[in-house]
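Notebook open. I want to look up a few things here and jot them down as I go.

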Amino acid sequence: MSPRAERALLREAQAGSAEALEELFRRFWTPAYRAAYFVVHDAGAAEDIAQEAFLSAVRSLERFDRRRPFGPWLNRIVVNRAIDHARAGALRREVLGEWEGSSPPEPDPGEHDELVAALATLPPDRRAVVVLRYVLGYTPGEIAKLLGLPRGTVNSRLRRALDALAGALGEDAP
Amino acid sequence: MSARRVEQRLRSARAPGELDAANRSADVVRAGFTAREPRPAARGLRGRITVAVAIALLAAALVLSPAGAKVAHFVGDAFDGPGVRHAKPALVSLPARGRLLVDSRAGSWIVQHDGSKRLLGPFHDPTWSPHGLFVAAVRGRELLAIDPKGNVRWSLARDGAVAMPAWSRDGFRIAYRSGGALRVVAGDGTGDRLVARRTEAVRPAWRPGTRHLVAFLASQQVRLVDADSGRVRWSTTVFNTGGQLEWAPDGRTLVVAGPLGLRLLDARGHVVRTLESPPGWLLRNIAVSPHGDSLALVRQEAGSGRSEVLRMRLGGRRSAPQRLFTGAGRIDEVEWSPDARWLLLAWRDANQWLFVRSSAARGLRAYAGIAAAFDPRHPHAAGFPAAAGWCCSR
């Protein structure tokens, strides 16, 4: 979708067009859900995160500056919440022992991709930069802005993440 | 592994259940969009600045004024719009046999399997007798026994406010609170007696399979008392109480639930398991399944206001709770159907009842406009009724 078309869509949604909202949802929800899933590796949590991010977007729609692209704005909410969830999940397991907030993430039936499974073994911060870079297609500079990090930190995390993925899959590091 | 290869593989990877998750989320997002009040588009730069200034001033007012917190909460609610978008506009039927007892501002109701309902009268805090032949309820300072047609069989007046009646499993006793005391009366309204003077505001719970042993909370203790002799069988100290007491149907486990978590006690009052709420979460309601193998519980996250409904095993091999439902806003009660296949979720903030399958099988039925159905004078969340028991498949 061209930036101009996206601005027009946002304008219509801000004016109350349900069809425009449906189109926004159709275009942006699935990438947001996938991004959340690859970070938290829990389908239920990923659904919550993507849903809450969209609800947050709907609540803020009137204040949204149409000159900014919608996708990065939404994805920043998604990824930051996913990171928070992943970090909090580790803390919950230490504090609560047997009573988890939800069922512990288990390999979902149908998931056969070793790379996705290997991604789940990385720390949340590195998972997030991998997802933003290689799933959502942001440049390291854009990722740095999205996450509020120095660009060097982003590059470093990407480098380490690729090394770790290679190691987890028994392949040579690039 | 090259960056290019990582990108290729991740771009082609899919998350599980994408379509189902999208459909569920679409309902929620549409509801949120519908509930918001669109603002007219500002004209030109001056309009945008004016609107921005107005928003800033409003935000400052909300933060600074003493009433600001309440207003801000209301504004957030106006945009949140919890609920299932395509809920049926009215309750059509219950998904399982039995009758549902409901407590609304207008009084107590019985809802039949086919969705028809009868107002019993201006009674509150109702509870079923063991086989659903009668209802014990409260009217001011009176305890009453009522038949399903709304006829009052007997009434008992007390000096103190009457609340929280609980019918014993054999039907021959009713425990209730009057003032702060726990009292017991025979099922025919005779022989009223004092059991304990100062108790906590939690509905007493009769132990199944015994003559007349009733559990209640007092002075941060759970006590099991013989209601006929007054003898205390055991007492166990529990902290952070307030909430609910429920026995498993076999009488071997007592669940003591409060906002900060729950404890499982065995028949002798020993604590066998403690489960704390995760930080930021409050436990709102629990229900033991009719077969006694599971516990359904509702909890709410204080920060986001989101609610979750979980199912956990009671006894047997321990396993992680299964999350059955999650949604924005407050869910008040959870009730098992008599056949244990369904759970009723009383979703106050959505003004909806949801019936969800209690097992891994998918199934959800949503009905909107619940408050108006039981009290047309109060059609919104403030008039939302309480579910008070789903009885008797026969």
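Which residue in the turn between strand 5 of chain B and strand 6 of chain B has a positive phi? I find B:G140, at about 65 degrees, in a hairpin with two residues between the strands.

Ground rules first. This is a predicted model, where local features need pLDDT of at least 70, side-chain atom pairs count only at pLDDT 80 or more, and totals for chains, interfaces and linings use all residues. Residues are numbered from 1 along each chain as its sequence is written, chains are lettered from A and ligands numbered from 1 in the order written, and side-chain values use heavy atoms, without hydrogens and water.

**Chain B, around strand 6.** I looked up the pairing (at least two DSSP bridges between two strands). Strand 5 (residues 135-139) pairs antiparallel with strand 6 over five bridges, and B:A137 sits opposite B:L144. Strand 6 also runs antiparallel to strand 7 (residues 152-157), again with five bridges; there B:I146 faces B:V152.

**Chain A.** I count eight helices and zero strands, helices being DSSP runs of H or I with at least four residues and strands runs of E with at least two. Of its 174 residues, 50% are buried.

Notes
Buried means under 20% relative accessible area, exposed over 50%, partly exposed in between (1.4 Å probe, protein chains only).
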